Structure formats: structure tokens, C-alpha cells
Amino acid sequence: MNYTFQFTEVWRELPYLLGGAAVTLQIAFITFWCGAFIGIFGALAKVYGGPISKRVTSYYVTFFTNTPALVQVFLLYYALPDAGVLLSSMAAVLVGLTLNAGAYLTEILRAGVVSVRVSEMEAATALGMSRLQLLRYVMLPHIAKTIYAPLSNFFVWLVLGSSLAALFGVEELTGRAINVSTASLRSIETFTIVAMIYVVLTVLASGSLALVGRLAFRVKAKVF
Amino acid sequence: MLRKFILLIALFVFAASTTAAARTLDEIISDGTLRIGVNPNFPPMSSFGMTNQLEGFDIDVGRRIADALGVKAEFVTTEAAQRVPFLVSNRIDIALGAMTRTPERAKLIGYTIPLHSEAMGVITTDKIDIQSWEELDRSDITLVNMRGNLSVSLLKDKLPKPKVLLVDGNADTIRAIAQGRADALVENIDSFLKFTNNYRNVKWRVLSDTIFVAYCGIGIGKDNDSLRNFLNILLFDLHTSGFVNDTWEKWYGSPMAVPIVPNPYF
């Protein structure tokens, strides 16, 4: 056991790896916001919807939160072509992770919606607030406070979880890390550097989310 | 305690570095067992099957050799990197597991005539009209391979222009071509051909010119001429009788990409 670490070859590939990090962030951002869009409708359907829309949403959430994201993307990438739909590597990953994120965000947002107490809503109505004011001054602060932590956790999960895209031909951070380690035979060094890049990515993501939370909703969140 | 430990390690290193004389043909026959090195993590060459018993091309060949000698086959599992050291230190009599002939190895061990070949070739479909692998060097071609395969970086020099799609497993590379995501695979094609059976409606083509062919003999102890002589004569019979090709087809699901031409003169 006298392995000597050699970072030189891997450092040389840093720009290539950082290019992969950009793709990783891109996947996380797109799937997070598209997932949030699905999540809002899912949450509203679960809280205020009729019996059918409630049930449909439940099926969707149960299916996507009880199967691995990897399997979902696998089926989209390799099984759909046999049904005549050929998604590109990136498209399959984006659609798969968006549907997955939508299911989780439905639950997270639902928790926020139900956290608004009926008595406060009634008080606001009694004060003569319009629907928009009610949403802005009564509902959103509650929702933001409740969902803030799970929401940023989930974003971090998406940054890290997007690494599965490497298995489907997307050249993001993990995929490029495997390429670099295969060519240089320096896997430990490569993945040490890649781990640090992931830490920087997630700290940056949590930090900017904390800033948004503090400025927009006065939620005091700690990054560390 | 520490001193004793270091002494012990030094002894081991010494023992491992001294070469033990390989067992001759007579010694193997009188002992009644042939020690065969196989790589258990290398299906369908050899692997632990559903019942946790070794199975594969190498296992069938090893049993056949032991039968011909009239001895028992004793399979010794070795990793790829251990095959030469195990022969040098006389832990095994013969080494299977795709022992590619190389001059570096031939300084340390002996080889028989080839048992099988390893061909880096092209699997493609009738969708692209090419006759040789050099014609793949076009920017409108997508080559598929497995992420983590060393051949990916080797191919960058030989075929710089095509786009590259890197997927996860052997089956997925073939699937990607069948589904139209990629045009061709450049690899040691024997390990991939059987997956083409999953897509029988695709018009598969294997280009006849291979980029690189290597030959794998049976590895034996250096200067073990009695054993080499026996194995060469047996291998000639196994090639001419079709045993090697039949066994290959049984495990790989398709004939050897570059079949061995038996030659009676060694």
C-alpha cells in the first residue's frame, strides 16, 4: 500500500471538468423550476382539488417517489424508442428528473399550503384584503417559511442526483470525471477534485437560495 | 513484534520473487491434477454462474484439456494482473482467461499456439454504407461505447471526427445502435455480438477488416517444453474438430470474429 498521489494530470483537465459542472447546474436548474411548476399544480390539486384530481395526483406522486430516478430515466431513454419516441440523452434526463422533481415538490409545496391556518385567512378577509393581498401577505410568508428548508435540500439533491445523467450519455460533471479517470488511470485523484467541485456547487446553490429566502420572504436560513 | 512482522513480509517478498520450476507433463500426470488459472470476473470466458459454480468458455476448455491428460481439473481463480505471477511462482500449471500474447509477457512465461483471437472491429448496420473502419472518420457519424472503456481514448487518435455517445453497459451500446442513437461500435466485438440477437430486425453488419487482432494462447511456465508440446498438439485437434469454435459459440452466442486457422506445423 504505497500509492503515490498524482494530481498534475487531473488538474490539467480542470477546465473540462468545470464545463461538466456547468452542465450539472443547468440540469438541476431546469428540472427544479419545471418540477416546481408541476409541483404547484400538484399541491393545489391535492389540497383544493376534486376527488378525481386528488386521486390522479396521488398516483403520480406515489409512482415517482417510489421508483428510483435512475430507473425512470432508463425507461424514458431506452424503452420509449420501442414505442416510437426517441428522446435525446439530455431530453430523457431532463424529462425524467423533472417528473421526479415534480412528484417530490408536490409534497413539499402541499405541506406549505396546508400550513396556512384558516383563522388567519378569515382574519385577512375580515380586514378587507383582496385575494392578491391575501396571497402575498398571509399565505406566501407561511408557505415560504415551511417549505424553505426542504426546498433547498431538494435543490441540492438535484445537483447531486443529476450525476445519473452520466449513464445516459450526458457529458456532465460525473460523466466527464469518469472519462478523465479512464484516460489518466487516476480515479482517486479525479474523484477527489470532483467531490470538491460538487461541494462548491452545492454551497453556492444553498447560499444563493438563502439569500433569496432572506430578501424575499425574511426567512433566516443557515447555509452551515 | 514489528521487527518480526517486517521479517515475515521480507520472507514473503523473497518467496514470491524466487521462481519455482514449472511442473513437467510427467509430474502433472503422476500428480493427477492440472491446476488451471481462470479469471472468475470475466463472463462469458469464466464466471461463477447461477449455482455459484465456475462456468464459461475457459471452464469447458480447461475440463477438456484435463480429460485429454487423464487428470482432474483444479480451477484456481486469478485476477487478470495475477496470471503471470501465478505461472512464474508455479501456483498454476496453465493460465486461461484471454492471455493475450505480448513480447513483455513472453519474457516471463511460455505460450502455446493460439486458443482464440481478440479482434477490435466494427459493429454497424446497413444504414451506413462503409466498407472499412477508416471511413467512420466523418463528423456525421456517432460512435457508441461504454463510459470507462480504455478504447474510448485510444479511438480518439484513430478516429477523431465522429461524435461519441458514452453509455453504461455492453447491452446498452448495441441497443443505442439498434434504436438509431449511434451508427457504430468499435470494440473487441466478441463481447458485444451476442446482444445483437436482441434486435433481430436490425440488419447488423460486422466489417470484415479488423482494426487490430490479438491472439491469446494458453500461458504456461517458461521453458516447460513437455507441456507446451502436448498442448500444441491437443489444441490443433480441438481447432480442427471444431471443439473450440463450438464452445466459443455456445458461450458468446456467435462465432469468433477472427477464427483461428489451425496449422499442423508448430
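How many residues of chain B are in contact with chain A? In this predicted model, where local features need pLDDT of at least 70, side-chain atom pairs count only at pLDDT 80 or more, and totals for chains, interfaces and linings use all residues, 12 residues of chain B are in contact with 12 residues of chain A. Contact here requires C-beta atoms, placed from the backbone, to lie within 7 Å of each other. Residues are numbered from 1 along each chain as its sequence is written, and chains are lettered from A and ligands numbered from 1 in the order in which they are written.

On the side of chain B that touches chain A, at least two residues each come from α6 (151-158) and β9 (163-167) of chain B. The element that gives the most is β9(B), with three residues. Helices (H or I, at least four residues) and strands (E, at least two) are DSSP runs, numbered from the N terminus. By class, this side of chain B has five nonpolar, four polar and three charged residues. Ala, Val, Leu, Ile, Met, Phe, Trp, Tyr, Cys and Pro count as nonpolar, Asp, Glu, Lys and Arg as charged, and the others, Gly among them, as polar.

Chain B contains nine helices and 12 strands. Its C-alpha atoms fill a box of roughly 60 × 55 × 40 Å along the principal axes. Chain B is divided into domain 1 (2-118 + 214-252) and domain 2 (127-202), with bounds from an automatic or database domain assignment. The centres of domain 1 and domain 2 of chain B, taken over C-alpha atoms, are separated by 32 Å. Among contacts in chain B between residues at least 6 apart in sequence, 69% join residues at least 24 apart.

In chain A, helix α5 (residues 89-114) packs with helix α7 (residues 131-161) at an angle of about 160°, their axes being 8 Å apart. Axes are lines fitted to C-alpha atoms, for helices over the stretch in contact, and angles run from 0 to 180 degrees between N-to-C directions. The residues that meet include A:Leu97, A:Ala101 and A:Tyr104 in α5(A), and A:Ile143, A:Thr146 and A:Phe154 in α7(A). By class, the contact of α5(A) with α7(A) has 14 nonpolar, two polar and no charged residues.

A:Ala22 is placed in helix α2 (residues 14-48) of chain A. This residue counts as exposed because it has 12 C-beta neighbours inside 10 Å. The C-alpha atoms of A:Ala22 and A:Leu173 are separated by 7.9 Å, although the two residues are 151 apart along the chain.

Most residues other than glycine have a negative phi, and most peptide bonds are trans. In chain B, a cis peptide bond with omega of about 0° joins B:Pro43 and B:Pro44. B:Pro44 is in the loop between β2 (41-42) and β3 (46-48) of chain B. B:Asn52, not a glycine, has a positive phi of about 65° and lies in the loop between β3 and β4 (54-55) of chain B. With 7 other C-beta atoms within 10 Å, B:Asn52 is exposed. A positive phi of about 65° also occurs at B:Asp223, not a glycine, in the loop between β12 (212-221) and α8 (225-240) of chain B. B:Asp223 is exposed, having 11 other C-beta atoms within 10 Å.

Key:
Two residues are in contact if their C-beta atoms, placed from the backbone, lie within 7 Å. A residue is buried if 20 or more other C-beta atoms lie within 10 Å of its own, exposed if 12 or fewer, and partly exposed in between; C-beta atoms are placed from the backbone.
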